[in-house]
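Subject: Structure handover

Hello,

Here is the structure you are taking over. My notes follow below it.

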Amino acid sequence: MPIVLGGEHATAVPELCLAEAPALLACAIGEGEETAVELVEALSHDRHRSLRDVAGIVFRTPEGPCRTTPRARIRDVDDIPPPRWDLTPIERYLDGGFSFGVDRGRTMPLLATRGCPYRCTFCSSPQMWTTRYSTRDPRLVVDEIEDYIGRYRATSFDFYDLTSIVKPDWITAFCAEIERRKLRITWSVGKTPTTAWGSRSPDRRRYPNHRNFLAPAGTVAPSGNTPPLDDLWRGGENDAD
Ligand code: B12
Ligand code: SF4
């Protein structure tokens with residue numbers, strides 16, 4: 001059974017992963033949706049594709065690790081199909097009170113964005129996703145929330161994004177959509193609301209009272225601290241779209 005590793009760590013140090021884990025055949029670098037399909041094509045019995053032709057991997061060869069051409073980022077994140085939770089034992093997680101932070105009832109994970117426009121000194125995100133930051137249509141995110149309320153009786157939502165509320169326009173549109181549909185839910189993000197209104201954000205002046213709309217839309221009080229950005233900042237490409 002060929003074993004392929006993906007994610008941040010595999011992307012940051014694939015050669016190290018291959019050296020430390022002899023059972024590993026390859027590491028997937030960056031985004032995985034298209035790589036996974038092509039890997040299956042290359043590793044299935046008929047093998048109508050070679051591993052060398054799969055973009056975005058580092059694979060083991062007798063001569064040493066071989067890195068293929070980088071895989072381009074998926075440009076339209078709204079085109080990525082929704083997660084097939086029906087293929088997982090999701091009820092066990094919902095019943096077990098599994099969540100990212102505080103247990104607020106039946107909690108479903110969500111992703112509203114991909115990537116991060118920043119480049120903090122300690123973080124491998126730029127290698128993983130580049131600095132291209134893409135957001136989903138907020139209405140589609142709220143559609144997904146409504147779907148989970150209907151299908152799984154979900155009452156709370158955890159955002160698994162790297163940086164979900166960098167763009168004030170996006171988060172205000174999202175909050176407005178929750179209010180418009182009168183959804184009585186809670187949701188939490190992995191960063192503090194001040195991330196979106198950080199000291200370097202020109203949008204801060206446009207939205208001085210972010211708590212006025214975040215709280216009514218159901219966001220849970222942030223658990224982290226405002227990051228000391230000046231110490232960690234390496235600058236951003238600012239290619240958020
Ligand atoms: C949820 C989460 C957790 C949860 C995981 C719970 C769970 N069961 O889901 C918890 C809280 C446990 C956790 C813990 C930690 N986490 Co964490 N976590 C995340 C978070 C927010 C979301 C992960 C996720 O679902 N991403 C969304 C999916 C779509 O992305 P993905 O997993 O990268 O997968 C894509 C590709 O990588 C690829 N891919 C992945 N696997 C595979 C496999 C194959 C075969 C292929 C082809 C492709 C592929 O395809 C996917 C789609 O494109 C990420 C931030 C982020 N948004 O990624 C941080 C993140 C991964 N965590 C991070 C860290 C640092 C940690 C901890 C080390 C923190 C600590 N000090 O304890 C621990 C490590 C735990 C461990 N043992 O590994 C860092 C990793 C940084 C790095 N360079 O390694 C991240 C990136 C956050 C950050 N920027 O700081 N984490
Ligand atoms: S804000 Fe900094 S630490 Fe967080 S994902 Fe972006 S670069 Fe990494």
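How many bridges join β8 to strand β9 (residues 186-188), and do they run parallel or antiparallel? Three bridges join them, and the two strands run parallel. Strands pair if DSSP finds at least two bridges between them. Strands here are DSSP runs of E with at least two residues, helices are runs of H or I with at least four residues, and both are numbered from the N terminus.

Two notes on conventions. This is a predicted model, in which local features need pLDDT of at least 70, side-chain atom pairs count only at pLDDT 80 or more, and totals for chains, interfaces and linings use all residues. Residues are numbered from 1 along each chain as its sequence is written, while chains are lettered from A and ligands numbered from 1 in the order in which they are written.

Overall picture
The protein chain has nine helices and nine strands. Of its 241 residues, 28% count as buried. Buried takes 20 or more other C-beta atoms within 10 Å of the residue's own, exposed takes 12 or fewer, and partly exposed lies in between, with C-beta atoms placed from the backbone. Among contacts in the protein chain with a separation of 6 or more, 71% come from residues 24 or more positions apart. A contact needs two C-beta atoms, placed from the backbone, within 7 Å.

Around β8
Strand β8 covers residues 156-159. S156 and D158 point one way, F157 and F159 point the other way, and all are buried. Strand β5 (residues 107-110) runs parallel to β8 and is joined to it by four bridges. In that pairing, T107 stands opposite S156. With β9, D158 stands opposite S188.

β8, helix α7 (residues 168-180) and β9 make a right-handed β-α-β unit. Right-handed means that, with the strands pointing away from the viewer, the path from the first strand over the helix to the second runs clockwise. Helix α7 has 13 residues and reaches 18 Å from first C-alpha to last, close to the 18 Å expected. The expected span is 1.5 Å times one less than the number of residues. W170, I171, T172, F174, C175 and I178 are the buried residues of α7.

Positive phi
K182 sits in the loop between α7 and β9. Its phi is near 55 degrees, a positive value in a residue other than glycine. K182 counts as exposed, because it has 6 C-beta neighbours inside 10 Å. R153 is in the loop between α6 (138-152) and β8. R153 is not a glycine, yet has a positive phi of about 55 degrees. R153 is exposed, with 11 other C-beta atoms within 10 Å.

The open sheet
Four strands form an open sheet in the order β1-β2-β3-β4, with mixed pairing. β1 (3-5) and β4 (66-67) stand at the edges with a single partner strand each, so one side of each is left without a neighbour in the sheet. Strand β2 (residues 24-28) and strand β3 (residues 57-59) pair in the antiparallel sense over three bridges. A26 stands opposite F59 in β3.

Ligand 2
C116, Y118, R119, C120, C123, S125, L162 and T163 surround ligand 2. A residue counts as near a molecule if its C-beta atom, placed from the backbone, lies within 6 Å of it. The shell divides into five nonpolar, two polar and one charged. Ala, Val, Leu, Ile, Met, Phe, Trp, Tyr, Cys and Pro count as nonpolar, Asp, Glu, Lys and Arg as charged, and the others, Gly among them, as polar.

Best regards
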